[in-house]
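Thanks for coming. I will take one protein model and go through its strands and its charged pairs. Please look at the sequence and the structure while I talk.

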Amino acid sequence: MPNIKRFFVKTLALLPVAALLSACKATAMGQRPQLSPTQKRMDGMGLTLVVDAVEGAEMLGVEFFADGNEFPFFAKSRMVRTNREIMAFPSGVVPERVRVTWRKNASEGFYDKQGRIRYSAPIVGDYTFPVASRIPEEVVREIRKNGGGLRLKFRLKPDGVLFGWDIERFSGGLPRHSMPGGDFLETWY
């Protein structure tokens, strides 16, 4: 009898955890956007985000928005060449379009209810451009055939944003980059 009692106590204790996990999974699945045909061809690829600025430029209160979303997928109070950001692409989906903004200053910021920083100073840079449609099919085929991840690279400059891409593979624990394209062809970072 004690074994049955222990089983029921464990089951009752785990039910709230199972319910929470199910709710989280359903919420996450419901938040995934409907993918366009251009985005579907890159679905499931490992994606890396690389952001920096041209030499000598300084952008403040930088925010990146994907496909008209009101919340940024990347935000940084100050972007210069030396504080390059390299990270997994937050949504795992290559956006159709990206809007990049920066502001007069970064000191006029606040945190919203979700803990995200939001900048409120006047916007001095505001650029929207295509992303997914610019990635060549041969790059996608190469990743599908031989592995690797797609790096999406954004370089801010006072009069716009440069966008580029390449394939990242690791050899001997070191990253190797190939097939660069876009507005700049550097693969060294």
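Strands here are DSSP runs of E with at least two residues, helices are runs of H or I with at least four, and both are numbered from the N terminus. S1 and S9 run parallel and are joined by seven bridges. Two strands count as paired if DSSP finds at least two bridges between them. As a reminder, strands of a sheet pair through backbone hydrogen bonds, either parallel or antiparallel.

Before going on, some bookkeeping. This is a predicted model, so local features need pLDDT of at least 70 and side-chain atom pairs count only at pLDDT 80 or more, while totals for chains, interfaces and linings use all residues. Residues are numbered from 1 along each chain as its sequence is written, and side-chain values use heavy atoms, with hydrogens and water left out.

pLDDT is the predictor's confidence in each residue, from 0 to 100. The protein chain has a mean pLDDT of 84, with 81% of its residues at 70 or more. Over residues 7-30 pLDDT stays under 50, and the model has zero contacts there beyond four places in sequence. A contact means heavy atoms within 4.5 Å.

Now the sheet. In what order do the five strands of the open sheet lie? The order is S4-S1-S9-S10-S11, and the pairing is mixed. Strand S4 (85-88) and strand S11 (174-182) are at the edges with a single partner strand each, so one side of each has no neighbour in the sheet. On average, neighbouring strands of this sheet are turned by 25° against each other, direction ignored. Helix H3 (residues 137-146) lies across S9, S10 and S11 and runs at about 20° to S10. For such angles, axes are lines fitted to C-alpha atoms, for helices over the stretch in contact, and angles run from 0 to 180 degrees between N-to-C directions.

Threonine 48 sits in strand S1. With 14% relative accessibility, threonine 48 counts as buried. Buried means under 20% relative accessible area, exposed means over 50%, and partly exposed is in between (1.4 Å probe, protein chains only). Leaving out residues up to four places away in sequence, threonine 48 touches several residues, including Met87, Leu150 and Glu168.

Next, the charged pairs. The whole structure has 14 salt bridges, a salt bridge being a side-chain nitrogen of Lys or Arg within 4 Å of a carboxyl oxygen of Asp or Glu. One of them joins aspartate 52 and arginine 155, with the closest N and O atoms 2.9 Å apart. Aspartate 52 is in strand S1 (residues 47-53) and arginine 155 in strand S9 (residues 149-157), 103 residues apart. Are aspartate 52 and arginine 155 buried or exposed? Both are buried. A network of salt bridges links Asp52, Arg81, Arg84 and Arg155.

Another salt bridge holds arginine 151 and aspartate 166, at 2.8 Å from N to O. Arginine 151 belongs to strand S9 and aspartate 166 to strand S10 (residues 160-171), 15 residues apart. Arginine 151 counts as buried at 1% relative accessibility, and aspartate 166 at 0%.

Last, the chain as a whole. The protein chain has three helices and 11 strands. Of its 189 residues, 36% are buried. That is where I stop.
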